[in-house]
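Here is a short tour to read alongside the model on your screen.

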Amino acid sequence: MRISRRHLLSGMGVLPLLALRPNMALAGDWSRILVLVELAGGNDGLNTVVPQTDPLYRRLRPGIALSGDRLVSLDERFGLNAALSPLMPAWRGGDLAVVQGVGYPGPDRSHFRSIDIWDTASDSAEVLTRGWLAQLFDRDAPPGDFTTDGLVLGHDGAGPLAGARRFVELRNPGRFVRDAKRSPALSADAGSNPALQHIVRVQAEIDRAAAGLSGDGIAATAPGPAFPKTGLGHQLELAARVIAGQARVAVIKTTLGGFDTHINQVAIQRRLLDEAGEALAAFRGSMQAAGLWDRVLVMTYSEFGRRAAENGSDGTDHGAAAPHFLLGGRVRGGFYGQAPSLASLENGDLQYTTDFRQLYSTVLQSWWGVPSLWPGHPPLGLIT
């Protein structure tokens, strides 16, 4: 009987994602979990972490500059968009880091090209097809008995996991487990047929993932406070259930979209950052309640920031550098990197001061304890 691999995987929330990895030496502390939060569309950094005492900020943005009760102070120079007030306990508790001026040389203002650069850790003039996590797992992979290397909970694709041998796009864990059980049973003896051998291996990985995401592998409810009933809230609640249920996974990717704020930015960004702040605060509380916050590192990223000056539609256009957040029980909170100068713009853009690959080196070297793939971009000293 001829079996289509796509037919085998259809309806399972799993595209051509799973395959047995070859035997390799294991390295790293894989008890630690990375949770990625993509702010899709290009979040405006200047109205997220606001240089509240810089007069150039209001000169560049006379209509959309934030002040007063729209800000909460981080220090004497910078204020946080008040929509992110739920993160202030993390800031005061010392487990929230703000990395300033994150970007890369030769920035590209195309959504598609710029997020591809972020996802693959390529240079701006270089095209790679495999995500930076897929590249890592080719060299230093989580143990073979993991439920899966990565879970993708949003709807914007695999991103940094693109090309990885083992990951699952999981929108409904119950359906995934049910469909895995209904998939056709395949004999372990595939003879000399390479295609059938491959399908058997894929089915074995599906069975492993389904077993890890059923029973005790995923908690019935997330511990701690209630999560908001929003898109990111649901994603991070599921992430909390996976982690609390002890399913063995290295990476969980989530997504919040809508940050392409060419018009009416203040109201749109406030709504989105409110969703992000409430969901992240609930996730932090859940992991603390479960005693697992020291095992989790949360990192935000976005394809680019916005232009320094507002446009004519109460919004901002595609730009370059922006701040990003890292949270976790082992994060040494505070500011990292240098804030870009508003007096020294490049073609109207903030100049990057922290290469985004320094964030990735921090994950690899400081969080997981494996060598960086980008030795020219050293890790930030924010992991204890």
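Which residues in α5 meet which residues in α10? On the α5 side they are Trp 132, Leu 133, Leu 136 and Arg 139, and their counterparts in α10 are Tyr 360, Val 363, Leu 364 and Trp 368. Please keep in mind that this is a predicted model.

**The α5 and α10 pair**
- By class, seven nonpolar residues and one charged residue make up the contact of α5 with α10, with no polar ones.
- Helix α5 covers residues 132-139 and helix α10 covers residues 356-368.
- Their axes come within 11 Å and cross at roughly 35°, and the crossing is right-handed.

**A three-stranded sheet**
- Elsewhere you can find an open sheet of three strands, in the order β2-β4-β3, with antiparallel pairing.
- At the edges sit β2 (49-51) and β3 (71-73), each of which pairs on one side only.
- Neighbouring strands here are turned by 40° against each other on average, direction ignored.
- Three bridges join β2 to strand β4 (residues 78-81) in the antiparallel sense.

**The chain as a whole**
- The chain holds 10 helices and 12 strands.
- Of its 384 residues, 55% count as buried.
- Among contacts in the chain with a separation of 6 or more, 73% come from residues 24 or more positions apart.

Notes:
Residues numbered from 1 in each chain as written. Predicted model: local features only at pLDDT ≥ 70, side-chain atom pairs only at ≥ 80, totals over all residues. Heavy atoms only, no water. Axes fitted to C-alpha atoms, helices over the stretch in contact; angles between N-to-C directions. Helix = DSSP H or I, 4+ residues; strand = E, 2+ residues; numbered from the N terminus. Left-handed = near helix turned anticlockwise from the far one by under 90°. Contact = heavy atoms within 4.5 Å. Nonpolar A, V, L, I, M, F, W, Y, C, P; charged D, E, K, R; others polar. Pairing = 2+ DSSP bridges. Buried < 20%, exposed > 50% of the residue type's maximum accessible area, 1.4 Å probe, protein only.
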